[in-house]
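Me: Got a fold I'd like to walk through with you. Can you take my questions as they come?

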Amino acid sequence: MTFKRRQSKANFKNFFKVIKKPSNKAVGVAGGIQPKKKPRRGIYLLPNAFTTAALFCGFYAIVMGMDGYFEKATIAIFIAMVLDSLDGRVARLTNTQSEFGAQYDSLSDMVSFGAAPALVAYEWGLRGLGQWGWLAAFVYCACAALRLARFNTNIAVVDKRYFQGIPSPAAAGLVAGFIWSMTDSRLDPTNLRWVIWAITLVAGFTMVSNIPFYSFKEINLKKSVPFAVPLVLVLAYVLIVSYPSLVLFSVFVLYCVSGYAIFLWRWRKGSPVSIVQTKIEAHDHEHDEH
């Protein structure tokens, strides 16, 4: 009899273990189970404010270029570069990265560093070349779009130390820097039509090439540096303030040449490298499968 009583008590306890009381979080006022609330989808204001400002500078450059104010147009493109370099850093510092911000940044770059430099170059010197002029402007604009699309799809597989092709802000700096420096020098654009035509095409094709360009992402600003480094920075500030158009254009020319120098150095070492991608890579097959 004792054994039967203990067994009945055990069964009684197990019965109540199976029937669990629903938690208060899932029970509503009337006792029913409420569905889980979905997280709110919002847009982070601070980093996207910088992106919007960069987009405004690109649009402003187009308007100023159409009105013939080429100095204002090129300066607006350089201001867009500064703002474009800040939005990503602000997002990382404030932990506000989002897929929306990445896509919005790409669209802003297309306007500021794709359409704006192409239209400013066309209005400044390419218009007088007729069909050859607007074709060069279109090639640059199309190459900027291809460059941005490739960067977004290959961001997880490429070497973080190097860009695949020159970045679109640097290509825009090459075109806008030349126009700005020539405008400051009071030179006649009609005598420089083929020069800007060549620079526009070189900048465009370099964007979609496989030439490696150093990304400067490995530089750690938190480390201590020798005393000579701040002195060099002071001298650089003095030069930029004294001759902004010429110095900035020279910087982007050197950066463009550095990519080709790295390419030639790898080629002489026997490293497999090609200027233009001619075959499908392994990660491209993975994207096709998905």
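Reply: Some ground rules to begin with: helices (H or I, at least four residues) and strands (E, at least two) are DSSP runs, numbered from the N terminus. This is a predicted model, where local features need pLDDT of at least 70 and side-chain atom pairs count only at pLDDT 80 or more, while totals for chains, interfaces and linings use all residues. Residues are numbered from 1 along each chain as its sequence is written, and side-chain values use heavy atoms, with hydrogens and water left out.

Me: OK. Where is Thr200?

Reply: Thr200 sits in helix 7.

Me: Buried or exposed?

Reply: Thr200 counts as buried because its relative accessibility is 1%. The cut-offs are under 20% relative accessible area for buried, over 50% for exposed and partly exposed in between (1.4 Å probe, protein chains only).

Me: What does Thr200 touch?

Reply: Not counting residues up to four places away in sequence, Thr200 touches Ala121, Leu126, Ala136, Tyr140 and Val175. Contact here means heavy atoms within 4.5 Å.

Me: Which residues of helix 5 are buried?

Reply: Gly133, Ala136, Ala137, Tyr140, Cys143, Ala144, Arg147, Leu148 and Arg150. They pack against helix 4 (99–126), strand 1 (162–164), helix 6 (168–184) and helix 7 (193–207).

Me: What span should helix 5 have, and how far apart are its end C-alpha atoms?

Reply: Helix 5 covers residues 131–153, and at 1.5 Å a residue its 23 residues should span 33 Å. The expected span is 1.5 Å times one less than the number of residues. The end C-alpha atoms are 33 Å apart, which agrees.

Me: Changing topic: how many aromatic pairs are there?

Reply: The structure holds 10. Rings of Phe, Tyr and Trp (its six-membered ring) pair if their centres lie within 6.5 Å; planes under 30 degrees apart count as stacked, over 60 as edge-to-face and the rest as tilted. One of the pairs is Trp132 with Trp197, edge-to-face at 6.5 Å centre to centre with 80° between the planes. Trp132 is in helix 5 and Trp197 in helix 7, so this pair ties together parts 65 residues apart in sequence.

Me: How accessible is Trp132, and how accessible is Trp197?

Reply: Trp132 counts as exposed at 54% relative accessibility, and Trp197 as partly exposed at 21%.

Me: What about Phe178 and Phe249?

Reply: Their ring centres are 5.8 Å apart with the planes at 55°, so that pair is tilted. Phe178 in helix 6 and Phe249 in helix 9 (residues 244–269) are 71 residues apart, so the pair links distant parts of the chain. Phe178 is buried at 6% relative accessibility, and Phe249 is buried with a relative accessible area of 15%.

Me: Which residues do ring pairs link into a cluster?

Reply: Phe78, Trp180 and Phe252.

Me: And what lies over the face of Tyr162?

Reply: Arg266, at 4.9 Å from the ring centre. Lys72 lies over the face of Tyr69, at 5.1 Å from the ring centre. The test for a charge over a ring is NZ of Lys or CZ of Arg within 6 Å of the ring centre and within 35 degrees of the ring normal.

Me: Last one: where is Arg186, and what is its phi?

Reply: Arg186 lies in the loop between helix 6 and helix 7. Its phi is positive, about 60°, although Arg186 is not a glycine. Most residues other than glycine have a negative phi. Arg186 counts as exposed, at 76% relative accessibility.
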